Amino acid sequence: MLSGLRAYPKQAQMSRMTDAPARPSAPESHRLDGSDPPWPLRPWIMAAVCSVAGLAFHLLVDHLYEDPLAAWRSALAAAVAVGTITFVLGVELRRWHWALGFALLWGAVMGLIVWQSAGYNIHGSPVEWPFWSGMLAVLVATPLFQTRRDVAPDARFWRLWRMPYDRLHGHAWTDAVIGAAGLAFVGVTFLLVVLIGQMFKLIGIDVIERLLNDEWFGWMLAGAAFGGAVGLLRERDRLVATLQRLVMIVLAVLAPVLAVALVLFLVSLLGTGLQKLWDSGFSTAALMMAAAAFAVLLANAVIGNGREDRATNPLLRWAAPVLAVAVLPLAGIACYSMGLRIGQYGWTPERLWGVIAAAVALAYGVAGVWAVVRGRRDFDDWLRPLQQKLAIGLMLLALFLALPILDFGAISARDQLARLNSGATPAAKFDWAAMAFDFGPAGRAALRDMTRSPQKARADAARAALAAKNRWDLAGPRGPTLLKPFAERLRIVPADRAIPAEALARIEASYMCARAKACVAIWLSDDRIGVLGQQEAGEALQFDHVTRNAEGQWVQGDATSPRPARPGLDLSKARVEVETVRQRRITVDGVPETGPFD
């Protein structure tokens, strides 16, 4: 099929963006591409799809705050969310099955990434660096897919760099504008529903307010609003194209401001040196990369989708190459800052990700300088194809890094352990919490090896780090402290009454007792236990309740029910008296340690 396209002159190929049979559009069509017929039911279909996805997402993530969410539920929730959003943003009637397959593929990939991330660290969040890397891959891949869907029906995706840049650039900006507008519409929808709910509440109908208090309804409403807004805007993408151009014009106006600021900043560094950057207390690398990202964004807003789309204002035309060139020194400073940090403190997963981000910024900086040197005022003709190749490379790199192929935790654990053994990192400053909770299985394996160390202090610290329930337990002036088993630290009052296993687990994991050297559980009623904990003798006591809720689950906190209403009570006529009552509180050695709780 592509060989047939190559037989046409270039102008004919550009006018015929797809070789699929084009169907005549209705006169009232608001579609930008004539190959896309009107789809009046799209907003309703997309609203229904996103509403069902919102309900499924809620059912998967709904759980008690105290209990960690199962890895498989996190993975399915991510797959549902990413797959649905990708499908809604990228689907067209033309080759809709391509969009479905693309969405299912990326949903499965992101689900696997989240499943791996959720089980990597103990009590770790699934939304870690690999997740964001995967999301970056999705965001870059979506306009690439949309453009490939438009220009050819075959599956030779290795020819991505031959796609028309204006179509690719237009899809990227349109997706961003439609996504942002969809999120704004969600916010407006919630405000409107709240207003309607309050109106009906005034006349005694509070069903809408009760629905808003149910999380399942909120997720379904958000999904329906987002899907409906995206579907509506896709059916009027001529209007979206105008809105996109308006956004680019507004951003382009900021280009000279940032260009002048960056020139003055870089020239000032020649006199002040880099030391003041390190003394500022702020992450120099993060700031430089943020400035570089804004420079790339604003430069693209100026050069537009093609030669005929770039800004004509001379000030803007001169600002764009300045921004493109400025990316390289900014990325260089970021790389140098990262190198200093690594030399001082060694590798961590965050620093590995930072180095990769700085390398990507360097690649964009080199591309910008190369384009300006070769093209001068027409540098954008050289920059666009380079950016298209960089986008494809960035997508592949982000996907590769998101998958569990390279173990950043193992790299960091080996480096930190080597620094400890060599004396580069003193034992008093060694990050035991990172080894236990940030470096994954390799970090905990290294801790297990250290428990057999002939150095007793190091072995005890490693055991304490392995026994800790969370990273905050290892912080503080004493560092990792090895505690006795919880059964030896807990005292129950009265002593002859056993505590259910679920309640015992909740008490052990609570902030009162997790790292306490002494812990006391006092039965207050059949469904309520008071818990006292003390980190060290002489320190303040920590107190809270562990109670059984209506579902029979033991939770931290005092689940007291509100006082019920008394029908017929008229305070203006009621008898009011002062009554002396007995209340209960907990005392330690005769001194009250809690307020009255009954």
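I started with the contacts of Ile507. Leaving out residues up to four places away in sequence, I found that Ile507 touches Phe486, Ile499, Cys513, Cys519, Ala521, Ile529, Val531 and Val546 (contact means heavy atoms within 4.5 Å). This is a predicted model, where local features need pLDDT of at least 70, side-chain atom pairs count only at pLDDT 80 or more, and totals for chains, interfaces and linings use all residues. Residues are numbered from 1 along each chain as its sequence is written, and side-chain values use heavy atoms, with hydrogens and water left out.

I placed Ile507 in helix 21, residues 501-509 (helices are DSSP runs of H or I, at least four residues, numbered from the N terminus). Ile507 counts as buried because its relative accessibility is 0% (buried means under 20% relative accessible area, with a 1.4 Å probe and protein chains only).

Next I turned to salt bridges. I noted 17 in the structure (a side-chain nitrogen of Lys or Arg within 4 Å of a carboxyl oxygen of Asp or Glu).

I looked up Arg42 and Glu235. Their closest N and O atoms are 2.9 Å apart in a salt bridge. Arg42 lies in helix 3 and Glu235 in the loop between helix 9 and helix 10, so the pair ties together parts 193 residues apart in sequence. Both Arg42 and Glu235 are buried.

Then I checked Asp150. Its salt bridge to Arg94 is 3.4 Å, N to O. Asp150 sits in helix 6 and Arg94 in the loop between helix 4 and helix 5, 56 residues apart. Asp150 also bridges to Arg149 at 3.2 Å. I logged a salt-bridge network linking Arg94, Arg149, Asp150 and Arg167.

Definitions and conventions. Helices (H or I, at least four residues) and strands (E, at least two) are DSSP runs, numbered from the N terminus. Buried means under 20% relative accessible area, exposed over 50%, partly exposed in between (1.4 Å probe, protein chains only).
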